[in-house]
Amino acid sequence: MHAASPQASRLSPLNQRRLANFRANRRGFWSLWIFLVLFVLSMFAELIANDRPILVRYDGNFYVPIVQSYPETAFGGEFETEADYRDPFVADAIAEKGWMIWPAIRFSYRTVNRNLTVPAPAPPSAENWVGTDDQGRDVLARLIYGFRVSVLFGLILCVVSSIIGVIAGAVQGYFGGWVDLLFQRFLEIWSGLPELYLLIILASVITPSFGILLALLLLFSWTGLVGVVRAEFLRARNFDYVRAAKALGATDTVIMFRHVLPNAMVATLTFMPFILSGSVVALTSLDFLGFGLPAGSPSLGELLAQGKANLHAPWLGITSFFVIAIMLSLLVFIGEAVRDAFDPRKIFR
Amino acid sequence: MADEPLLSVRDLSVSFHTGKGQTFTAVDRVSFQLNKGETLALVGESGSGKSVTALSILQLLPYPLAHHPAGSSVRFEGQEQVGASEESLRRIRGNRVAMIFQEPMTSLNPLHTIERQIGEVLTIHKGLGGEAARARIVELLNLVGLKEQAEKRLDAYPHQLSGGQRQRVMIAMALANDPALLIADEPTTAVDVTIQAQLLKLLRELQQKLGMAILFITHDLGVVRKIAHRVCVMQKGRIVEAGDVKTVFDAPRHEYTRHLLEAEPKGKPVTPPANARTLVEGKDIRVWFPIKGGLLRRTQGHVKAVDGIDFVLKEGHTLGVVGESGSGKTTLGLALLRLETARGKIEFNGKEIQDLRQSELRPLRREMQIVFQDPYGSLSPRLSVGEIIGEGLKIHRIGRTDEERDALIVAALNEVRLDPETRHRYPHEFSGGQRQRIAIARALVLKPKFLVLDEPTSALDLSVQAQIVDLLRELQERHRLAYLFISHDLRVVRALADEVMVLKDGKIVERGPASRIFDAPTQPYTRALMAAAFELEAIEGAVRT
């Protein structure tokens, strides 16, 4: 944190103890690893589930369809349009003069499987491992992409709203008095606004994209941490070491961020995993209600809604339920371990 | 059976698991006995194992984190306590053996009235309730000297009482069931000297009246001499010397006892330089806190924390500010540094500073610094010692490079006699005395001219106090520092101050050269303070209870 210290890279004894406490919570520790592995894998979703091959060898040349689009004519086809590698004609043409390396799942989140032998939604088969949705798209591919969108959305929302919340709480708690009084009343009014209705109304006026949804949810989610941080600052502003810093002539900003904030961070970091899971749920529920991401985007909430609409196709509801349940459980377990790590009285034997 | 002492502790050891399979032995084969009606003092510095010994008598340690190795024995009224069942222990705790703690504010439940606090003990052990309990509680409050309006005090909450009154309530709770043994764990450390004198007197009287035995734990040898019959001196978990108070004090055999006895702050203040200029001058300084009330929160009156104080402080001089808690000493110190809003005229180094804005004040902050009372609270726990000391250097842009600043930090640590390598460590790794040295180094590194010392020694062990006083004196001589030394402990003030100002309720009661104040105080309030500090005697009437 402070570059001037010659030992900044070494963990302070306090943080070493915290790390040990975190590790001692086996469930949370393993949850973190499982979650990280899933998250990193989902970051490379294009390499796992895609309707284009990763690498094509054709007529002595290499092609990388996953990053660049090639017209069908490049592979001896007739049309100037982009090659559809799933088309048997193209696949045969390539197989004649070379080979293709496919991802594990040969569907992207929006690929419609036109070779279904049964009407969509199709049950699990060798081609679609957990079946297709009601538009013939592969469920597994949509889950992988949907997981990525959910987690990314949740992370960004959580981090940005925490930063805003911490700053707002810090200013309120540190200065107190009128600033605090007015800000508290404003917060009470703000949190009284009917969030869901506003989102529904706004969603019908403007087409919600990833960014717009993020901004809309952010309008209401930043208030979550204000109370906690404000309380910590109110408590700490009369501590002797804050007074000592004032006597040294430190400015308010320095005192707030160098002396008080590190103490308030314990409460903040303890809350963060729970805010993260809350953010994930917020997006999922909006998608479920149909006010979320635009139609066609991969989304766990939308898949859940399909499961509800197609009760005769249980693979839709069950898979989306398990993915959401497992993801949230992992986040809560991690949160518990973080809480243990920051608990000064926790003793492990 | 008849010959067996009331309490007999034999080869008591206490070990704590510190994690990773290691253990730490806090108490090492301690043995002592205590007879009916007798007072035994356990003396030692922080960490010597006195409190742990006392807690293990009632088996109140955090088991199984703590455990007693084989051979440990605590017999009370002929019954073995180590390993006794919870049920039999509960019959003894608060009933036959009662305990009072150091910090009266945190030992009382803030949400319960006095009646409920004391009543609880009566209900648990005697099954008393309603009117019978109420009558007994009033009787107890009278016994501990809360005579005025004892009836009215029943409905009071702990925050409505002063520190001394709270400690009396604690004693009343302890006495509720006529215990045979009272364990007092530093009961007077957190209160003023005047209150300490009153509490000691109360405990002596109660012992005579009720004939109970007292196990008194303290680090203050003055208190031991006043109250105890026998004394055990503890060091690092062992009893190094035991015997009658008179024998031990007159002819200490162990080196550590001698060290403790010599540790009281001694010496004379530095002779101040003759040609000193006036450094700080205050005229009619007032700090009034408004009391707001009513629907519109209008100011209805003021708490006059500091009420019209004049003083002059010269270079190299020490002005001792003396008084009980709540007399406005600390507020005055904060007001001089403009850390508290004050009215009146404050002049520093020939410049009026009371109307300066914070940004204009910043360059002056380098020359006036403060050291706080609580060395645990005044150092930011998340910064290394080097960062804490170096902060002022950065703010005032002293030293151009990191290396230059590092050299200044090393010099400051050397000056307060700490190993310069400590700058890479964090405050929690240090003892109270070392932390106070760090706090002094933080102020010194800026080369100030004026230092406010707000009870810098009162949270420390006696022998450490003496070291800090010696250090302060030496620094003053070397740098011609002006000190405003705030304390309720007159022993320390006598060792440092050449001028003394006695405060009561924000006003000056008496002032003058230290020698005159200490040798011939004119005001009754000053005399009461002296008696409490030097002879631990309570003089009724002059001071609050």
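1. Tyr197(A) sits in helix H7 of chain A; helices here are DSSP runs of H or I with at least four residues, strands are E runs of at least two, and both are numbered from the N terminus. With a relative accessibility of 56%, Tyr197(A) counts as exposed (exposed is over 50% relative accessible area, buried under 20%, partly exposed in between, with a 1.4 Å probe and protein chains only).

2. A word on the ground rules: this is a predicted model, in which local features need pLDDT of at least 70, side-chain atom pairs count only at pLDDT 80 or more, and totals for chains, interfaces and linings use all residues. Residues are numbered from 1 along each chain as its sequence is written, chains are lettered from A and ligands numbered from 1 in the order in which they are written, and side-chain values use heavy atoms, leaving out hydrogens and water.

3. Tyr197(A) also belongs to a nonpolar surface patch of about 940 Å², whose members include Leu193(A), Ile201(A), Ile212(A) and Phe288(A). H7(A) makes the biggest contribution, six residues, and both H7 (195-205) and H11 (252-289) of chain A supply at least two. Patch residues have over 30% relative accessible area and no salt bridge, with nonpolar side chains (Val, Leu, Ile, Met, Phe, Trp, Tyr) joined within 5 Å and like charges within 9 Å; a salt bridge is a side-chain nitrogen of Lys or Arg within 4 Å of a carboxyl oxygen of Asp or Glu.

4. Now for chain A overall: 13 helices and three strands. Its radius of gyration is 26 Å, well over the 20 Å of the globule rule for 349 residues, so chain A is more spread out than a compact globule (C-alpha atoms; the rule is 2.2 Å times the number of residues to the power 0.38). Of its residues, 44% count as buried.

5. E17(B) pairs in parallel with strand E18 (residues 450-454) over four bridges, where pairing takes at least two DSSP bridges. Within this pair, Gln369(B) is opposite Leu451(B) of E18(B).

Definitions and conventions:
Areas by Shrake-Rupley, 256 points an atom, 1.4 Å probe, with all protein chains shown as cover.
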